[in-house]
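Have the viewer open as you read.

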There are 2 protein chains.
Amino acid sequence: MDNLFKKAFEKIKESNNIVLISHINPDGDALGSSLSMYPVLKRMGKKVTIFNATKPLPEYLDFLPNFNKVTDKLPKNFDLMISFDCGSFDRLGIEKKTAFLINFDHHISNTEYGDINIIDPNAASTSQVVYNFCKSNGIDIDKESATCMYTALITDTGSFQYESVNDKVFEMAADMVRCGVEPAYVSKMLFQRDRLSRLRLLAKAYETIEMCCDGRVAFVEVTREMMEITGAIKEDTDTIVNSVRAIAPVEIAAMLREDEDGIKISLRSKNYADVSKIAVKYGGGGHIRAAGATLKGEFDFSKVKEMLKKDFQNLLKGDK
Amino acid sequence: MDNLFKKAFEKIKESNNIVLISHINPDGDALGSSLSMYPVLKRMGKKVTIFNATKPLPEYLDFLPNFNKVTDKLPKNFDLMISFDCGSFDRLGIEKKTAFLINFDHHISNTEYGDINIIDPNAASTSQVVYNFCKSNGIDIDKESATCMYTALITDTGSFQYESVNDKVFEMAADMVRCGVEPAYVSKMLFQRDRLSRLRLLAKAYETIEMCCDGRVAFVEVTREMMEITGAIKEDTDTIVNSVRAIAPVEIAAMLREDEDGIKISLRSKNYADVSKIAVKYGGGGHIRAAGATLKGEFDFSKVKEMLKKDFQNLLKGDK
C-alpha cells in the first residue's frame, strides 16, 4: 500500500488542475473523504474542483468544511481526477474519463477503473484510506480535513458500531481529535438536527409493523398517504428498516414503500441471512445485510408481502 | 492521581474479602465498571462479591461477563468495599459503612464518602477511571474486564457522541480492542435487542409531539393508556425525550408521563438552557442538560404543560 500511496502522491505533485469526485447520491464517506483532500491540495498550490453530479446534496452534511464549494459542473480542462468511495465508473455521474484517474475506495467490489487504484477493503471508510495516504506521505491534516475524515468515519461505521470497527479505527479517531476535531460537534450536526416530519412518519410506520416466521421476520409499511399527511421526504424513511431489524428476535426486516414508479422494498438482515439474493431476484441488488429493489407493475403491499414471506421462509430454512 | 491509584492498589492487595458495589438502578457504567474489576481481583486470589441493591437488574446488560454473579445480598463479613459510579453514599442502597471504602467515580458532584476517593470528572465514564487505575498499576486487562469497561464507555458516551469524548477516550477504546473486545458484538447486544412494544410506544408518543416557543420547545406525552395498549414497560420510554430534543430547532424537550404516583416530567436541553433549575423547582433534580421531577397531586397534562411553558419561556428569555 505504501508504494501505491507514494505513486499517487507523486502524480498529485506533478498535476496542477485537479478534480475531486465522489459517487452520485453521496453519503457521509463520499463527500467527507473528497472534501478532506481539498485543504491538502490547496496548501500545495493546486487549482481544485470538488465535483459531485447530484443536486441538491444531502442537507445533513452541510456543516462539512468547504461543502459550499462542491459543484455539479466539471471544469473544461484538468490534468488529474481523484475519485472517492465510488465502486464503479458509472456511479461517478460523468460521461467519460478524460484525465489520469486516482481511485480511493474501501469497497471490495471496486472495479479498479482508475489508473492508480488504492482500494483497502479492510478500511472502515474511504476516509480511513485517505488518512493512511496522508500519514504515509507525511502530509499534515488540518482541522478542516480531519472534520471531514471523521464525519466520513462515523457515518460509515454507524458511530463505531459496525463489524469494520477495530483498534486502527479508534486510533484514527484519537488522531482526528488531536488534529482539532470536536467529536460532540460532529455528532450534534449529524444526529441532533432531526425533522419533526420524520418522527411523525415513524409514528405512522411503526404502527404497521408485522412480525412473522416466529418473530424472525418483520415487515413495515410506508404508504404515499403517510408521506403526505406527515409532510415527510424520502430521506425521512432512511432509518425505519434498521430500527425494525433491531427488534430482538428479528433476523430479516423488510420495508415496503409506495414510490411513484412502484413498490420499493428495502431489506436488512442481522446475523446470517443473505438478503441480497432476494433483492437480485426482484431486479435489485446490494449487500448481504442491506439490499433493495423496486417492484414495478401490478403489485400491492399484501401481494408483495406474501411473495417475500415465501422467499424469507426459504432463506431461513434450516436455520434456527 | 497516580498516587491515589497506588494507595488503592496497596489496600486491595492487603484485603481478602472484597465487595464491589455500584449505584441503585444501575446503568451500563455502574455495572460495567464494577464487573470489570471482578476478573482482576479473582486473579489476585481474592474472595469477591459483586453487589447491587436493585432487583431485577436491567436486562439489556445481561451479556456482560459475570452479570449472573451480581447479587443483592451483602456478605456478613468483608474487609474492603469498592464503589463504582456512585455520587453519594445513599445511592449505594446499603444501610451503613462497615468496612474500608474505595470510591471510584467520574461525577464532579461526588460527595467523597469513601476512605480513598478516586474521582476524575474529566473521565468520560467511571470505567475510564478504572482503566487508568489498571494501567497505572500495571494490571493486566483481560477480555472479560475489557468488555465490561468498553460497554460502560459506550453507554456513558452515547456511542462516542457526548461532550466528554476526546482523544484519550478513543485511545482507551483502541486498547480495549487490543484486549479482545469486539466492538460490533457489544453494539449489537446493546442496540439490536429492541422490543416491539417499545416501537409501538414510540408510534403513540410521537403522535403527541407539540412544538411551541418558535420551535425551541417540544412536548411529548406518554399516558398510562399508551403503556397498556402497547404492552410497554417503563424502560421503553427511556429514549423518547432524547429523540424529541434531536428535532432541529428544539432547545428544550419535555416528556410528560403518567405514573402511579403522579406525572413524571423528563427534561432535556441541547445547547445552553439549564433545565435542572426547573426540575429543582418541582422537587426533582439532575444535570444541566438532563433533569426530571415527579409532580404529585391534582395535575393533568395540559395544566403541567401550561406551567412548564411559562418556565421555559423565562429560561429562554434573552436567548435567540
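## A buried strand and its partner

Leu20(A) has Ile50(A) as its bridge partner in β2(A). The two strands involved, β1(A) and β2 (residues 47-51) of chain A, run parallel and are joined by five bridges. Keep in mind throughout that this is a predicted model.

How much of β1(A) is buried? Five of the six residues in this strand (residues 17-22) are, so β1(A) is largely enclosed by the rest of the structure.

The largest nonpolar core has 108 residues, and Leu20(A) and Leu20(B) touch the most other members of it. Setting aside residues up to four places away in sequence, the contacts of Leu20(B) are Ser34(B), Met37(B), Tyr38(B), Val48(B), Ile50(B), Phe51(B), Ile82(B) and Phe84(B). Apart from that core lies another one of 80 residues, and it includes Ala254(A) and Ala291(A) as well as Val250(B) and Ala293(B).

## Domains

Chain A splits into domain 1, covering 2-191, and domain 2, covering 196-316. Their C-alpha centres sit 31 Å apart.

Asp2(B) belongs to helix α1 (residues 2-13) of chain B. Asp2(B) counts as exposed, because it has 10 C-beta neighbours inside 10 Å.

## How the two chains meet

At the interface, 36 residues of chain B are in contact with 36 residues of chain A. On the chain B side, α5 (167-178), α6 (183-191) and α7 (196-206) each supply at least two residues, and α5(B) gives the largest share, seven residues. Sorted by class, this side of chain B has 20 nonpolar, ten charged and six polar residues. And 100% of the interface residues of chain B are also interface residues in chain A, so the copies meet through the same surface.

## The six-stranded sheets

In chain A, six strands make an open sheet with mixed pairing, in the order β7-β8-β9-β10-β12-β11. Its edges are β7 (210-212) and β11 (285-286) of chain A; each has a single partner strand, so one side of each is left without a neighbour in the sheet. Inside the order, β9 (residues 252-259) and β10 (residues 262-269) of chain A run antiparallel and are joined by eight bridges. One pairing to click on: Arg257(A) has Lys264(A) as its bridge partner in β10(A).

Chain B has an open sheet of six strands too, in the order β7-β8-β9-β10-β12-β11 and with mixed pairing. Here β7 (210-212) and β11 (285-286) of chain B stand at the edges with a single partner strand each, so one side of each lacks a neighbour in the sheet.

Most residues other than glycine have a negative phi, and most peptide bonds are trans. A few spots here go the other way. The peptide bond from Lys55(A) to Pro56(A) is cis, with omega near 0 degrees, and Pro56(A) lies in the loop between β2 and β3 (70-71) of chain A. In chain B, Lys55(B) and Pro56(B) are joined by a cis peptide bond, with omega about 0 degrees; Pro56(B) is in the loop between β2 (47-51) and β3 (70-71) of chain B.

Then there are the positive phi values. Glu112(A) has phi near 55 degrees and lies in the loop between β5 (100-105) and β6 (116-119) of chain A. Glu112(A) counts as partly exposed because it has 13 C-beta neighbours inside 10 Å. Phe160(B) has phi near 70 degrees and is found in the loop between α4 (143-156) and α5 of chain B. Is Phe160(B) buried or exposed? Phe160(B) has 23 C-beta neighbours inside 10 Å, so it counts as buried.

Technical notes. Residues are numbered from 1 along each chain as its sequence is written. Chains are lettered from A and ligands numbered from 1 in the order in which they are written. This is a predicted model: local features need pLDDT of at least 70, side-chain atom pairs count only at pLDDT 80 or more; totals for chains, interfaces and linings use all residues. A nonpolar core is a set of buried Ala, Val, Leu, Ile, Met, Phe, Trp, Tyr and Cys residues joined through C-beta atoms within 7 Å. A residue is buried if 20 or more other C-beta atoms lie within 10 Å of its own, exposed if 12 or fewer, and partly exposed in between; C-beta atoms are placed from the backbone. Two residues are in contact if their C-beta atoms, placed from the backbone, lie within 7 Å. Domain bounds come from an automatic or database domain assignment. Helices (H or I, at least four residues) and strands (E, at least two) are DSSP runs, numbered from the N terminus. Ala, Val, Leu, Ile, Met, Phe, Trp, Tyr, Cys and Pro count as nonpolar, Asp, Glu, Lys and Arg as charged, and the others, Gly among them, as polar. Two strands pair if DSSP finds at least two bridges between them.
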